[in-house]
Amino acid sequence: MKIIILGAGQVGRTAAYHLAREAANEVTVVDVNDELLRDLQDRLDIRTLVGSGTQPSVLEAAGARDADIFIALTNSDEVNMVACQIAWSLFNKDSTRIARIRSADFTKHTKLFSNEDRAFAVDVPISPEQLVTEHVVHLIKYPGALQVLDFADGRIRLVGVKALQGGALVGQQLKQLPTHIEGRDARVAAIYREGHSIKPEGDTVIQHGDEVFFIAAREDIRLVMNEMQRAEDPVRRVVIAGGGNIGFHLAQTLEVNHQVKLIERDPRRARRVSELLSNTIVLSGDAADEELLLEENIDSADVFVAVTNAEEANILSAMLAKRLGCHKVMALINRPAYAELMQSGSIDIALSPQQVTIGSLLAHVRRGDVVRVHSLRRGAAEALEVIVHGVQGEGRVIGKRIENIPLPEGTTIAAIARGDQVLIAHHDTMIQRDDHVILFLTDRRHVEAVERLFDVPRRHAR
């Protein structure tokens, strides 16, 4: 596919990295900063172009006339929307146009993007800030989870959790799980032990410290989590560092059912946020100030979430909150190397806007009718929701039992949404037309093989 990316910031670089790794893609990145582009070109096999995405001559030089996908990821909503409009008006009405839209003033007015009379030619508006907020809300709803990912409109969830001593299944074989959750069903899709993937089989013993990804119906998630670790108490008290877009929307979402405090360094922003929130206590101060955290009883907080614009400040304040007795701390960290380092140390969960966002982009790039993609383990693994098309007797999937489908190594069909039914996949489950199949790939390099397996002849599904 021919893909144009506007913006070589953190999100744009991550998108370029993921998309350029797939040999079939031709990626061009456009940015006004030539230093960022040079650095990106040294790392990836891509084309770069210096210039503004709102200039028709720049877009034409980037190849907008025959681009399959146009992705505007600059820090400016206005630039992204105008660039998409120019790409549609002057060059290629058949391309899919994706734009990063940060401001709620735009996203709450769906008519701007989603109907025939839309003001801007944006097919898919995405907001990393909103996606991160939803990600954190899921983690707070399921204490103990490392990741909670939705499929089939939220009816099926893939959950990553660390197995800890005290969990009912820890120290036992996987085949004991059905007897533990009698009357319910779940599937362990992947196990990571000391950073390495372990194939989950019936005689596999769950060990303390394993990172386990399982899939289950939404209503069964807590039941299965209790098999991996002792049930944690529900989260009641949350402290948020940072009153920007993410911090504000997170407080707004959580204040309905939780006790929320928000710490914002800028007094004017703190005052503005306090006027917009109903039940959140807003404090003007530095979240890395030990005295302030002690005064606000950080040791009695269930969760501390650092989501300021400075990742160093997020790391320091989260580490301090943990040392002062907060039960669980999360920090927004942009650089993958930092995130991996911190999550293996004193920070419980490193939040990566790029990793949360990339799935929304990949769903529109994958061949076949892929409706949902989640990037996992810093992009090494992937989970897909694919709609099965075709007729009986054609292809290698429809009418076949899972045990007879030639899945690539490390690939698991974990669940199926069939109409209103949620089916946890087993070896003898048969795939039918129009099934929504959820797959887990421990190695995303096998994505193209999975795409060929589902054998939809269109390269560009939407």
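Me: Across which strands does H14 lie?
Reply: Keep in mind that this is a predicted model. Helix H14 covers residues 353–362, and its direction runs at about 155 degrees to E18. The strands that H14 lies across are E18 and E19.

Me: Which strands stand at the edges of the sheet?
Reply: Good one to trace by eye! The open sheet has five strands in the order E18-E19-E22-E20-E21, with antiparallel pairing. An edge strand has a single partner strand, so one side of it is left without a neighbour in the sheet. That describes E18 (370–376) and E21 (421–424).

Me: In E22, what is the bridge partner of Val 386?
Reply: Start with the strand pair: E19 (residues 381–387) and E22 (residues 436–441) run antiparallel and are joined by six bridges. In E22, the partner of Val 386 is Val 437.

Me: What angle does the direction of H15 make with that of E22?
Reply: Helix H15 (residues 447–454) packs on the sheet, where it touches E19, E20 and E22. Its direction and that of E22 make an angle of about 155 degrees.

Me: Is H1 oblique or roughly perpendicular to H14?
Reply: H1 (residues 10–20) and H14 pack with their axes 10 Å apart, at an angle of about 55 degrees. Roughly perpendicular would need 65 to 115 degrees, and roughly parallel would need under 35. Therefore H1 is, relative to H14, oblique.

Notes
Residues numbered from 1 in each chain as written. Predicted model: local features only at pLDDT ≥ 70, side-chain atom pairs only at ≥ 80, totals over all residues. Heavy atoms only, no water. Axes fitted to C-alpha atoms, helices over the stretch in contact; angles between N-to-C directions. Helix = DSSP H or I, 4+ residues; strand = E, 2+ residues; numbered from the N terminus. Parallel < 35°, antiparallel > 145°, perpendicular 65-115°, else oblique. Pairing = 2+ DSSP bridges. Contact = heavy atoms within 4.5 Å.
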